[in-house]
Amino acid sequence: MGLFDKFSRLEASLDGLRQYSARFFNVVLDEIISSTEAIIDGRRTILAGTNNYLGMPHRKEVIEAACKAVREQGTGTTGSRMANGTYSIHVEMEQELSAFLKKGHTIVFTTGYAANLAVLSTLVGPKDIVILDADCHASIYDGCRLGGVQVYRFRHNDLDDLQKRLHRLSKKDTNILIAVEGLYSMLGDRAPLAGIVELKKRYGAWLLVDEAHSLGVLGEHGRGLAEEVGVEDDVDFVIGTFSKSLGSVGGYCSSNHEKLELLRFASRPYVFTASSSPANIAAARAALKLIVEEPELRRKLWDHADFLYGRLKEMDFILGPEPSPIIPVRYKEIPRAFAAWNRLLENGVYVNMVLPPATPDGTALLRCSLSAAHSRQQVEKIAEAFEALRGI
Ligand SMILES: Cc1ncc(COP(=O)(O)O)c(C=O)c1O
């Protein structure tokens, strides 16, 4: 038995999928033109699958801040936050995030994945319970696994199912943490947060909301779904990432609980990895400033989202439950999804192809994500490229 033998099933299923699209397995963006366009296969292609909701990676202010940080502070910190890797910019970013999110404490991590791993694996242990939405991101599941906590899933966005689990598990007299996302990354739908908060209070549970896809996207000031719903004070732990609307790399947890600071000493994904580079932090800080200064970016993003969702709906595609900057076009048959994805790419539109088991209920998704940096003309082109899929 070789170490790689366990991958034989995976290998066979990849070989099976290759017949539908050899291209799918090695998409390379050969030249980045802007936040919304790249050269792929020698063709100018509209990027509609990037999580780049606000176009920050190509904003002059963000690029300048990153370049200045490299010139002044070097390319990497070469150390963990607990050792030599905490620079003044990490601390300033934590203060700025706390002020923006109106929370008492923030810890910045090297990625959003590390933030979930760090917070969940440290806060909850084998004697505690996490009840999470079945569609939660892998980093939430992995954080639970690292902490050895008992995990129970409730059906996606199903308050009755959550209530049933809380009712049964609250009899165990142990800590219960509910973990959900703000905007879900695959279906683009919001968590029913008002109802979740009501249940959290009724059963004396704790609540963690991962606003990775909703920071800068939801809420009057862009603070996320909790702001939109008016329940920010009821969320115990907010998780976020710099890798989407902030156009950088990094992650954070914000909370009003004073003892959050203890996680710095207890959490392995904080202690045992290098901190985010100065350029990453500087870029995220500049982007956060733009989120505050330019609420019109959010309005433009939602205009695009409503427009494309409406157009695709008219074309009778099966979509996610609500208009959103994440619009999944769903296919029951995987070969059809591949044919559609190939055709879109040939017509100069890149979207994410997502396959089971990463998708809910075993369907394949062509996941479109929009950006405030898209022009209306580009969004119309995306719609036209989908229109050209008729017959597939
Ligand atoms: C909900 C959610 N949480 C966390 C992450 C991880 O973020 P990062 O890319 O910063 O590691 C992602 C990334 O896709 C995500 O969708």
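Two strands pair if DSSP finds at least two bridges between them. You're looking at a predicted model, so to speak of local features pLDDT must be at least 70, side-chain atom pairs count only at pLDDT 80 or more, and totals for chains, interfaces and linings use all residues. Residues are numbered from 1 along each chain as its sequence is written, and side-chain values use heavy atoms, with hydrogens and water left out.

**Stop 1: the hairpin.** Select 37-40 and 43-47. These are β2 and β3, and they form a hairpin with two residues between them. Four bridges hold β2 to β3, running antiparallel; click I39 and you'll find R44 of β3 opposite. In the turn, check D41: its phi is positive, about 55°.

**Stop 2: the rest of the sheet.** Now widen the view to the open sheet of four strands, ordered β1-β2-β3-β12 with mixed pairing. Which strands stand at the edges? Those are β1 (31-32) and β12 (349-350), each with a single partner strand, so one side of each has no neighbour in the sheet. β3 and β12 run parallel, joined by two bridges; pick I46 and its bridge partner in β12 is V349.

Stop 3: Most residues other than glycine have a negative phi, and most peptide bonds are trans. Jump to N51, in the loop between β3 and α2 (60-73): not a glycine, yet its phi is positive at about 65°. Then try P356 and P357, joined by a cis peptide bond with omega about 10°. P357 lies in the loop between β13 (352-354) and β14 (364-369).

- 2.7 Å to a polar backbone atom of G112
- 2.9 Å to a polar backbone atom of Y113
- 2.7 Å to an N or O atom in the side chain of H213

Taken alone, the ligand exposes 390 Å², and the protein buries 83% of that (Shrake-Rupley areas, 1.4 Å probe).

Conventions:
Polar contact = N/O pair within 3.5 Å; in protein donor to acceptor, adjacent residues only side chain to side chain.
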